[in-house]
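Me: I would like to learn how to read cores, pockets and cavities from a set of atoms. Can we take one structure and work through it?

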Amino acid sequence: MTYAYQRLPDPGAGLRLHLNENTGGCSPRVLEAMRAVTREQAAFYPDYGDVVAAAARALGLDEAQVLLTNGLDEGIHLVSNLWLQRGADGVQREAIVVEPAFDMYAACTDGAGGRVVAVPPLPDLAFPLDAVLGAMTPRTRIVFLTSPNNPTGLTIPRAAIHAVARAAPPDAVVFLDEAYVEFGREHFLDDLPRFPNVLVGRTFAKAHGLAAVRVGIVAGMAAPIERLRRVAPPYSLNVFAMAGLKAALEDRAYLRWYTGEVAASKTLVYEACGRLGLQFWPSDANFVLVRMGERAGEVVDALARRGVFVRDRSGEPGCGGCVRITAGVVQHTRRCLEALEEVLCGERR
Ligand SMILES: Cc1ncc(COP(=O)(O)O)c(C=O)c1O
């Protein structure tokens, strides 16, 4: 079996609610900072001192505890390459992937020569703790967890993460992907000193709207971060991304505004689901998974014809008939829900 990231074609003009992107665009201060980059700064190899300090401060960590990456994808790639290398014994290493999961975990595991051990979700898409513990072997080197999860939006109970970290073999890491954490209720960074085998992944693609700029972070205790730093490309972040990241970290008002829009948008989606009799999962992320049933594909196509792009997730384990809708700027969500009501109510007539 081979695995790959499912890159979607550009859907064209319309409302992009299919990739969990920030529908409001980044803070205007990000572009101001990028425009201020000088010709000399573009010509010299960058020094990351200031920006690493700012990122570490924002997370409440020491500088030795953070590695800036070219998007979180690069972090996933680096961790996979390092932890899944075959040892002198030649035995293939394993990564546990809890489904439904972000494509990159399996793709990077495969690319690094590791074996994907997929764990299906419980029927209600709840976190399958017992099955994850049961999937561990002496060959396990990474356990990929996502909290809040994509595409369910569900937060993994803290006690379950602790149990996984305690049960992991000594040479393994738990990679806890917190790509959507700014929209949720809790994060794991405070627990790192107690669980030094956990690495936390962050991205500035979502809440900060820097998906095309490509900035991510791997955070953890200093020892595993140092291991990663030794193999990471020394200049992963370009000078515009550095400038943008610093401005994004400073603009707390923008972050408050956008996370407020997302919270209000999710409420609108829940209310619409109530009116339309659709099952949904209350989400701690910037999207909502909605069960449309057998007509999921048709609904996605009908919305696309109206210029609203959402993602059919029916093919994901446990997600039969489900569609994932990004919840961003309220005005965009209202447009999407009007189109959805038109599609569904029009069909019923
Ligand atoms: C769970 C999860 N992790 C990581 C990423 C990738 O983040 P980045 O764009 O910073 O590479 C995504 C993007 O959709 C995601 O959903």
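## Reading the inside of a model

Reply: Start with one cysteine: Cys-319 is buried, with a relative accessible area of 0%. Keep in mind that this is a predicted model.

Me: How far is the sulfur of Cys-319 from the closest cysteine sulfur?

Reply: The distance is 5.2 Å, and the partner is Cys-322. That is too far for a bond. A disulfide needs the two sulfur atoms within 2.5 Å.

Me: Is Cys-108 buried or exposed?

Reply: Cys-108 is buried, because its relative accessible area is 5% and the cut-off for buried is under 20%.

Me: How should I read a nonpolar core?

Reply: The general idea comes first. In soluble globular proteins, nonpolar side chains tend to be buried together. Now the case here. The largest nonpolar core has 49 residues. Ile-96, Leu-145 and Val-198 touch the most other members.

Me: What does Val-198 contact, beyond its neighbours within four places in sequence?

Reply: Val-198 is in contact with Ala-165, Val-174, Leu-176, Phe-188 and Leu-192, and also with Ala-219 and Gly-220. There is also a second, separate core of 37 residues. Its members include Leu-67, Cys-108, Ile-142 and Ala-232.

Me: Which residues of helix α7 are buried?

Reply: Helix α7 spans residues 158-167. Its buried residues are Ala-160, Ile-161, His-162, Ala-163, Val-164 and Ala-165.

Me: What covers the buried residues of α7?

Reply: The cover includes the helix α6 (129-135). Strands β5, β6 (173-177) and β7 are also among the covering elements.

Me: How do I find empty space?

Reply: Rolling a probe the size of a water molecule over the atoms shows where empty space is left.

Me: How much space lies in the largest pocket?

Reply: About 790 Å³. The pocket is lined by 35 residues. Closest to its centre are Tyr-5, Leu-19, Asp-73, Phe-102 and Lys-206.

Me: Which elements give two or more residues to that lining?

Reply: They are α4 (72-83) and α5 (103-111). The largest share, three residues, comes from α4. By class, the lining divides into 16 nonpolar, six polar and 13 charged residues.

Me: And what about the second largest pocket?

Reply: Its space is about 390 Å³. Of its 18 lining residues, those closest to the centre are Val-181, Glu-182, Arg-202, Arg-252 and Leu-255. At least two lining residues each come from α3 (49-59), β7 (198-203) and α10 (252-276). The largest share is that of α10, with four residues. The classes here are seven nonpolar, five polar and six charged.

Me: Where is His-208 found?

Reply: His-208 is in the loop between β7 and β8 (216-219). This histidine counts as buried because its relative accessibility is 6%.

Me: What does His-208 touch, leaving out residues up to four places away in sequence?

Reply: Its contacts are Asn-22, Cys-26, Ser-27, Glu-182, Ala-248, Tyr-254 and Leu-255. Two of these names came up with the second pocket: Glu-182 and Leu-255 are listed among the residues closest to its centre.

Me: Where does Val-213 lie, and what does it touch?

Reply: Val-213 also lies in the loop between β7 and β8. Not counting residues up to four places away in sequence, Val-213 touches Met-34 and Ala-241. Sequence and space can be read side by side here. Val-213 and Met-242 are 29 residues apart in sequence, and 9.3 Å apart in space, C-alpha to C-alpha.

Me: What lines the second largest cavity?

Reply: That cavity has about 50 Å³ of space. Its lining includes Ser-147, Thr-155, Ile-156, Arg-158 and Glu-186. The classes are four nonpolar, three polar and three charged. Ile-156 belongs to this lining, and Ile-156 is also one of the residues closest to the centre of the largest cavity.

Methods:
Residues are numbered from 1 along each chain as its sequence is written. This is a predicted model: local features need pLDDT of at least 70, side-chain atom pairs count only at pLDDT 80 or more; totals for chains, interfaces and linings use all residues. Side-chain values use heavy atoms; hydrogens and water are left out. A nonpolar core is a set of buried Ala, Val, Leu, Ile, Met, Phe, Trp, Tyr and Cys residues joined through side-chain atoms within 4.5 Å. Buried means under 20% relative accessible area, exposed over 50%, partly exposed in between (1.4 Å probe, protein chains only). Contact means heavy atoms within 4.5 Å. On a 1 Å grid over the protein atoms alone, a cavity is a set of points where a 1.4 Å probe fits but cannot get out, and a pocket is an open set with protein on both sides within 12 Å along at least five of seven lines; lining residues have an atom within 4 Å of a point. Grid points are joined across faces, edges and corners, and a volume is the space filled by probe spheres set on the points. Ala, Val, Leu, Ile, Met, Phe, Trp, Tyr, Cys and Pro count as nonpolar, Asp, Glu, Lys and Arg as charged, and the others, Gly among them, as polar.
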